[in-house]
Amino acid sequence: MQSNYWGRFTSARIGRRRALTVMGGTAAAAAFLAACGGDDDKSSNGTGGGGSRDTSGFLLQPTDQTGTRKRGGTLNLAVNVATATLEQSLGGNGSGSALIHNTYSNLMRAEIGTYQNTPQGAWEPEFAKSYEQSADGLRVTFKLRGLKFDNRPPTNGRVSTSADVKYSWDRWEKTNPRAPELSNAKHPDAPVTSVETPDEQTVVFHLKFPFAPFFAYLGSPFFPFMYPREAEGGYETKAIARGTGAWTLPDDRPQGNAEMTRNPNYDHNGAAGEPYFDKLTLHSLTDLSAIYAQLAAGSLDFHTALGQEDVLKLKKDNPKFVMYQRPFYAKGSGGIFFGRKQGSPWNDDRVRKALALNMDADLWGDNASNRKKFEAEGLPVDVKWFARCGPGYSWYMDPKKDELGSVSKNLKYDPAEAKKLLTATGMKLPIESIYQSQPNPANDVLYESMMGIYQSSGDFKFSNNPWTDPNIFLSQIRNTGGNFDGHAIAFYFDHHDYDWTMYLAYHPSSTDFWMGKNNEDPKMTDFVNRQRRELDPKKRESIWQDFVKYDIEKMYYMPYHWPANWLPYYIGQPWLGGWGWWQPYIEQYPFGAGQIMTQYWYDASKA
């Protein structure tokens with residue numbers, strides 16, 4: 001449905017916004033403005049977080065109904081697992097796939113929040129039972145839960161031990177592209193020097209220096225999952241799972257969907273019953289029109305990547321759907337990064353800053369959130385700007401309110417000032433660049449409209465080069481350290497700790513160090529290393545805020561994957577117990593740390 005929505009055109013004049021069609025692939029971006037009610041020549045001046053109230057009658061106020069939970073039924077979700085691997089170190093980014101996240105466990109996991117007590121990034125043991133950190137922060141001792149591995153050969157339901165943790169760490173350290181981020185043997189700025197196993201249910205990690213986000217890292221799907229020792233030649237780890245996670249996967253699953261079964265051995269803090277669904281089916285659907293149709297037919301239970309207008313249409317067409325507004329803003333903030341070859345215009349900070357000044361974040365945010373349409377229905381729309389971090393962080397500084405001080409101006413729409421900066425470079429205008437894009441039905445129109453707004457002054461001109469294979473995009477564009485032509489976008493979900501946002505973009509050992517090692521800013525590297533070693537949460541926040549201000553001053557990248565964020569609306573089936581009440585930490589990503597699917601149940605009384 002969303003593709004049809006964005007495909008609607010209008011012949012109405014929209015002033016300078018008409019420049020959104022300057023790029024060959026941005027016809028949908030013009031409809032983005034026209035269909036959503038973008039204005040003619042004025043900035044739309046979205047108020048953001050404005051405290052408006054729902055008068056639509058469409059919304060659910062989620063409440064705690066966990067006392068009515070029962071076991072049974074099948075949870076149906078749309079996730080592309082057609083070619084998914086069960087080997088964590090494959091797949092390009094080190095996290096493997098949703099299949100791994102559901103069949104294996106991490107040592108830690110994110111605490112799952114609720115609608116009234118939203119998740120803040122606290123961490124709790126999963127494969128472990130408890131932990132203790134020494135006063136100097138250099139020794140962390142885990143007591144294990146003794147979870148049972150899969151009942152099938154070769155693990156045969158045996159109890160896990162510390163040897164499995166040591167084996168999992170060693171195999172991850174040897175094979176995973178993320179190893180330099182945690183293993184000191186791989187990089188001197190990484191913390192872990194060794195792992196010891198004093199007894200069968202005790203594991204000790206030794207650290208080179210205190211590492212504040214250590215527990216968050218051990219709960220992230222990018223860092224070691226606990227494989228059994230039998231994975232060393234005992235079964236094919238790419239296609240077979242023998243974990244301790246909430247679900248099991250048949251060895252002979254057909255290509256395409258993944259029909260998973262509740263793991264009877266799963267145990268988390270003695271929470272008898274988790275997971276409550278007997279089965280979890282992941283349907284390999286990527287086309288949003290098909291996903292919309294399956295939701296409307298009752299064949300899927302929810303999908304958080306629907307366009308906002310599609311959510312509203314589903315609710316209006318079928319009032320039984322349960323619709324709620326997410327109670328927190330996003331935290332993750334990726335970036336637009338640039339090719340840094342010799343002669344690239346993006347090597348000049350004035351060009352990068354001029355690009356930032358050509359973004360009208362209010363215009364983009366109001367239209368991306370469908371402000372005009374939703375407010376006409378009596379639904380509140382709350383929009384805030386990104387600024388190297390999402391507005392979901394408690395320490396977030398709002399550039400619209402000048403909370404970043406003098407550098408706030410670098411994120412405010414000012415094409416006249418941008419023109420001055422570009423003229424001072426002496427470069428020929430417009431600045432031409434290749435947009436190295438990754439087609440994504442859920443995000444394409446949002447990115448296209450951004451590219452159009454950047455070009456609306458006429459001072460920038462982009463062509464589009466789409467990469468349909470994500471692994472080739474990683475090897476040729478994203479993981480090259482800026483050794484490419486043009487510019488590209490990296491989307492970041494909410495990270496397990498803000499450290500990872502800083503590390504990925506600004507530490508020279510990171511896969512996302514787009515500046516290239518020749519352009520390393522020692523001050524940025526110092527920001528990353530200092531906050532990692534600071535165990536006082538308030539002092540860490542102060543470092544983060546100083547980092548954000550410096551980042552916006554230098555503008556090495558555009559400090560966002562989208563210029564604005566809003567509190568989106570989600571929709572689910574009426575029989576999905578716990579929908580809206582349970583909230584995951586990883587924004588829009590149900591397979592991240594903290595398995596929220598284990599909390600849902602089938603409510604037959606509402607079917």
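Which residues in H9 meet which residues in H12? The legends below, which describe close-up views of a predicted model, begin with this pair of helices.

**View 1. Helix H9 (residues 361–368) against helix H12 (residues 444–455).** From H9, Leu-363, Trp-364 and Ala-368 meet Leu-446, Ser-449, Met-450 and Ile-453 of H12. The two helix axes come within 11 Å and cross at roughly 155 degrees. H9 is therefore roughly antiparallel to H12, since angles over 145 degrees are counted in that way. The crossing in which H9 passes H12 is right-handed.

**View 2. Asn-370, in the loop between H9 and helix H10 (371–376).** Asn-370 is a residue other than glycine whose phi is positive, near 60 degrees. With a relative accessible area of 2%, Asn-370 is buried, because the cut-off for burial is under 20%.

**View 3. The open sheet E5-E6-E8-E7.** The sheet consists of 4 strands, and the pairing is antiparallel. Strand E5 (128–133) and strand E7 (192–199) stand at the edges with a single partner strand each, so that one side of each has no neighbour in the sheet. On average, and with direction ignored, neighbouring strands of this sheet are turned by 20 degrees against each other. Strand E6 (residues 139–144) pairs with E5 in the antiparallel sense over 5 bridges, and 5 bridges also join E6 to E8, again in an antiparallel run. Across the latter pairing, Arg-139 stands opposite His-206 in E8.

**View 4. The hairpin formed by E5 and E6.** Between the two strands of this hairpin there are 5 residues, and in the turn Gly-137 has a positive phi of about 80 degrees. Gln-133 has Val-140 in E6 as its bridge partner, while the bridge partner of Glu-132 in E6 is Thr-141.

View 5. H4 lies across E6, E7 and strand E8 (202–207), and runs at about 160 degrees to E7. The side chain of Arg-171 makes a polar contact with the side chain of Glu-87, at 2.9 Å. When its neighbours within four places in sequence are left aside, Arg-171 is in contact with Glu-87, Asn-176, Tyr-227 and Thr-237. In the loop between E6 and H4, Asn-156 has a positive phi of about 55 degrees, although Asn-156 is not a glycine.

**View 6. Strands E9, E10 and E11, with the loop that holds Pro-275.** Strand E9 (residues 247–248) pairs with strand E10 (residues 258–262) in the antiparallel sense over 2 bridges, and here Thr-248 stands opposite Thr-261 in E10. E10 is in turn joined by 4 bridges to strand E11 (residues 279–283), with the two strands running antiparallel; Glu-259 has Thr-281 in E11 as its bridge partner. In the loop between E10 and E11 is Pro-275, which a cis peptide bond joins to Glu-274, with omega of about -15 degrees.

**View 7. The cis peptide bond from Leu-429 to Pro-430.** Omega of this bond is near 0 degrees. Pro-430 has its place in the loop between helix H11 (415–425) and strand E15 (431–437).

Note on methods: Residues are numbered from 1 along each chain as its sequence is written. This is a predicted model: local features need pLDDT of at least 70, side-chain atom pairs count only at pLDDT 80 or more; totals for chains, interfaces and linings use all residues. Side-chain values use heavy atoms; hydrogens and water are left out. A polar contact is a pair of N or O atoms within 3.5 Å; within protein, one must be able to donate a hydrogen and the other to accept it, and residues adjacent in sequence count only if both atoms are side-chain atoms. Contact means heavy atoms within 4.5 Å. Two strands pair if DSSP finds at least two bridges between them. Axes are lines fitted to C-alpha atoms, for helices over the stretch in contact, and angles run from 0 to 180 degrees between N-to-C directions. Angles under 35 degrees count as roughly parallel, over 145 as roughly antiparallel, 65 to 115 as roughly perpendicular and the rest as oblique. A crossing is left-handed if the near helix is turned anticlockwise from the far one by less than a right angle, and right-handed if clockwise. Buried means under 20% relative accessible area, exposed over 50%, partly exposed in between (1.4 Å probe, protein chains only).
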